[in-house]
Amino acid sequence: MEYTFKVWIDGNYYEEDEELEEGIELSDSEVSTIKELINKYKDDLSCGLMPILYEGSEELYKKFYDAIFPHVFFELFQRDPCFEPEPDDENRIWDEDDVEYLMDKYGDNYDFDDAYIVYIPNELMPPKKPLNGMTK
């Protein structure tokens, strides 16, 4: 089944924040694993799904990273006012079809790992626990 994940991209001080949606096909087993990892995760869930997957499942982390990060990279790459292309890349106009080339050739110059959050959809969130002593 395909799940839609909202991704927030940090605009920092100079650009607007961006939100995009990415559909990822997940098996029932993968969904169960993600729910289990979320339930066990002790840190702040507001940091999104990627830190949870990074800590809990290399395979799922890679699946999400491969599906989402190229879009994040391209969005943030386009915003770089200091980009200096190699001589053979001067005057090129880049589009998202070039993202693999850009990541291979220029990716070492960027660290975008903390520049985005993959929000956890409500259907994957753990059930809310009632506060002690509180009534409905």
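**Entry 1**

I counted a residue as buried when its relative accessible area was under 20%. The model I consulted is a predicted one. I began with Ile52, which is found in helix α2, residues 49-56. Because its relative accessibility is 2%, I recorded Ile52 as buried. I then looked up what Ile52 touches, leaving aside neighbours within four places in sequence: the partners are Leu37, Ile38, Tyr41, Leu45 and Ile120.

**Entry 1. The chain as a whole**

I listed the secondary structure and found 4 helices and 3 strands. Read from the N terminus, the order of elements is β-β-α-α-α-α-β. For overall dimensions, I noted that the C-alpha atoms fill a box of roughly 65 × 35 × 20 Å along the principal axes. The radius of gyration of the chain is 18 Å, whereas a compact globule of 136 residues would have one near 14 Å. Buried residues make up 36% of the 136 residues. Of the contacts with a separation of 6 or more, 59% are between residues 24 or more positions apart.

**Entry 2. The sheet**

I then examined the pairing of β1 with β3. Strand β1 (residues 2-9) is joined to β3 by 3 bridges, and the two run antiparallel. Val7 stands opposite Val118 in β3.

Next I took the packing of helix α1 (residues 28-40) with α3. The angle is about 105 degrees and the axes are 11 Å apart. I had set 65 to 115 degrees as roughly perpendicular, and α1 and α3 are therefore roughly perpendicular to each other. Glu30, Thr33 and Ile34 in α1 meet Leu60, Lys63 and Phe64 in α3. By class, the residues of this contact divide into 3 nonpolar, 1 polar and 2 charged.

**Entry 3. Helix α3 against α4**

Which residues make the contact between α3 and α4? I first recorded the geometry: helix α3 (residues 58-78) and helix α4 (residues 99-106) pack at an angle of about 75 degrees, with their axes 10 Å apart. The two helices are therefore roughly perpendicular to each other. The contact is made by Phe69, Pro70, Phe73, Phe74 and Phe77 of α3, together with Val99, Leu102 and Met103 of α4. I sorted these residues into 8 nonpolar, no polar and no charged.

**Entry 4. Residues in two loops**

Is Asp98 buried or exposed? Asp98 is found in the loop between α3 and α4, and I recorded this residue as buried because its relative accessibility is 16%. Residues up to four places away in sequence not counted, Asp98 touches Arg92 and Ile93.

Asn91 is found in the loop between α3 and α4.

Lastly I looked up Gly11, which is found in the loop between β1 and β2. Gly11 counts as buried because its relative accessibility is 4%. Leaving aside neighbours within four places in sequence, Gly11 is in contact with Glu16, Asp17 and Arg79. I also recorded the spacing of Gly11 and Tyr116: they are 105 residues apart in sequence and 9.4 Å apart in space, C-alpha to C-alpha.

Note on methods: Residues are numbered from 1 along each chain as its sequence is written. This is a predicted model: local features need pLDDT of at least 70, side-chain atom pairs count only at pLDDT 80 or more; totals for chains, interfaces and linings use all residues. Side-chain values use heavy atoms; hydrogens and water are left out. Axes are lines fitted to C-alpha atoms, for helices over the stretch in contact, and angles run from 0 to 180 degrees between N-to-C directions. Angles under 35 degrees count as roughly parallel, over 145 as roughly antiparallel, 65 to 115 as roughly perpendicular and the rest as oblique. Contact means heavy atoms within 4.5 Å. Ala, Val, Leu, Ile, Met, Phe, Trp, Tyr, Cys and Pro count as nonpolar, Asp, Glu, Lys and Arg as charged, and the others, Gly among them, as polar. Two strands pair if DSSP finds at least two bridges between them. The radius of gyration is taken over C-alpha atoms; the globule rule is 2.2 Å times the number of residues to the power 0.38. Buried means under 20% relative accessible area, exposed over 50%, partly exposed in between (1.4 Å probe, protein chains only).
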